[in-house]
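Reader: I am new to this structure. Please take me through one part of it closely, then show me what surrounds that part.

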Amino acid sequence: MTATAGASVFSGRPDPTWPLLEETLERLRALWESLEPTQEPLPMAPVLGYRGCFVVEEEGREWRAFEGTVTLTAAGRRLSRLDGAREFERVVLESAPGGALPPELIGGW
Amino acid sequence: MEAAEDPLAGESAVPLRTPLYEPAWWNVPAIQPYNNCYNYGTNYRTNTFAQPGRAAGAQYASLTCAAVKPAAVADALIDDPGADNKCPNEGHLVALVVGPGYDYHWFRKGRNGYWSHKPGGTPVTNLDNSGATIPDPRTADRGPYTDFCTFMVVMHGHIRIN
């Protein structure tokens, strides 16, 4: 089973993506299960700059995380959960290979 | 406040060759993810996430104004640093901005006198990072794109991007 992680961060350059290790994917799944569901509106991302990170599984399941909310889209359904500590987002971004992300994004974590 | 200024002030007319603001044409699944700010700015859909200079074999080597501007010139965009937010008689006006070492971004001036842009694979918008319309990209809230490089002119049919 494979998954691709990435960050929505650039405009001119393609956004960085990288393969996700199975153990990291398992950690993210466990994190997701620990989060509380929410019906709150999703946080508004800025037009330019960092807009969140994502994980796409080969089977089509897709997570997006930004500013304390994680959203899972699968089989046409979308669920959101609160992640006040932004742990999901941190794990995804820290899985990026060196040089893939702007230093200020990593340093600001 | 900047957004209250008349973006057409001082111009007798905006040439009809200046592109329309038509986000619905770009914001569809077959187009939106595959075209970036350079595609939108030049009004040239390639579905390749076009990069300045790539079509000419002269792609930028660093993320600075000094590197990205000549790459765009290699694609036949015309540097017009003195444009001062005024539409050219021929072609349309674009603006290059850079976050040094981070990324570059393009805006384009529309027929209504305001500017719009397409941040990467996200939808076309006419708003800046503060949610304001854009009468002048030099004064817009551009987030990390702190360096305003220059205005440039896109001559329709002259440029080649990929």
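How many cavities of 30 Å³ or more does the count give?

Author: The count comes to one cavity of 30 Å³ or more. First, the ground rules. This is a predicted model, with residues numbered from 1 along each chain as its sequence is written, and with chains lettered from A and ligands numbered from 1 in the order in which they are written. Local features need pLDDT of at least 70, side-chain atom pairs count only at pLDDT 80 or more, totals for chains, interfaces and linings use all residues, and side-chain values use heavy atoms, leaving out hydrogens and water.

A cavity is a set of points, on a 1 Å grid over the protein atoms alone, where a 1.4 Å probe fits but cannot get out; lining residues have an atom within 4 Å of a point. Grid points are joined across faces, edges and corners, and a volume is the space filled by probe spheres set on the points.

The largest cavity holds about 30 Å³ of space. Its lining is Leu20(B), Tyr21(B), Gly110(B), Asn112(B), Tyr114(B), Trp115(B), Ser116(B) and Asn126(B). Four of these lining residues are nonpolar, four are polar and none is charged. Here Ala, Val, Leu, Ile, Met, Phe, Trp, Tyr, Cys and Pro count as nonpolar, Asp, Glu, Lys and Arg as charged, and the others, Gly among them, as polar.

Strands (E, at least two residues) and helices (H or I, at least four) are DSSP runs, numbered from the N terminus. Two strands pair if DSSP finds at least two bridges between them. In chain B, five strands make an open sheet in the order 1-5-2-3-4, with antiparallel pairing. Strand 1 (78–79) and strand 4 (115–116) of chain B are its edges, and each pairs on one side only. Strand 4 of chain B is joined to strand 3 (residues 103–109) of chain B by two bridges, and the two run antiparallel. Across from Trp115(B) in strand 4 of chain B stands Lys109(B).

A helix covers this sheet. Helix 3 (residues 65–74) of chain B packs on the sheet and touches strand 1, strand 2 (92–99), strand 3 and strand 5 (147–154) of chain B. Contact means heavy atoms within 4.5 Å. The direction of helix 3 makes about 5° with that of strand 5 of chain B. Axes are lines fitted to C-alpha atoms, for helices over the stretch in contact, and angles run from 0 to 180 degrees between N-to-C directions.

Now the open space. A pocket is an open set with protein on both sides within 12 Å along at least five of seven lines. The largest pocket holds about 930 Å³. Of the 34 residues that line it, Ser8(A), Arg51(A), Arg64(A), Thr122(B) and Pro123(B) are the closest to its centre. Strand 5 of chain A gives the most to this lining, with five residues. By class, the lining of the largest pocket has 17 nonpolar, eleven polar and six charged residues.
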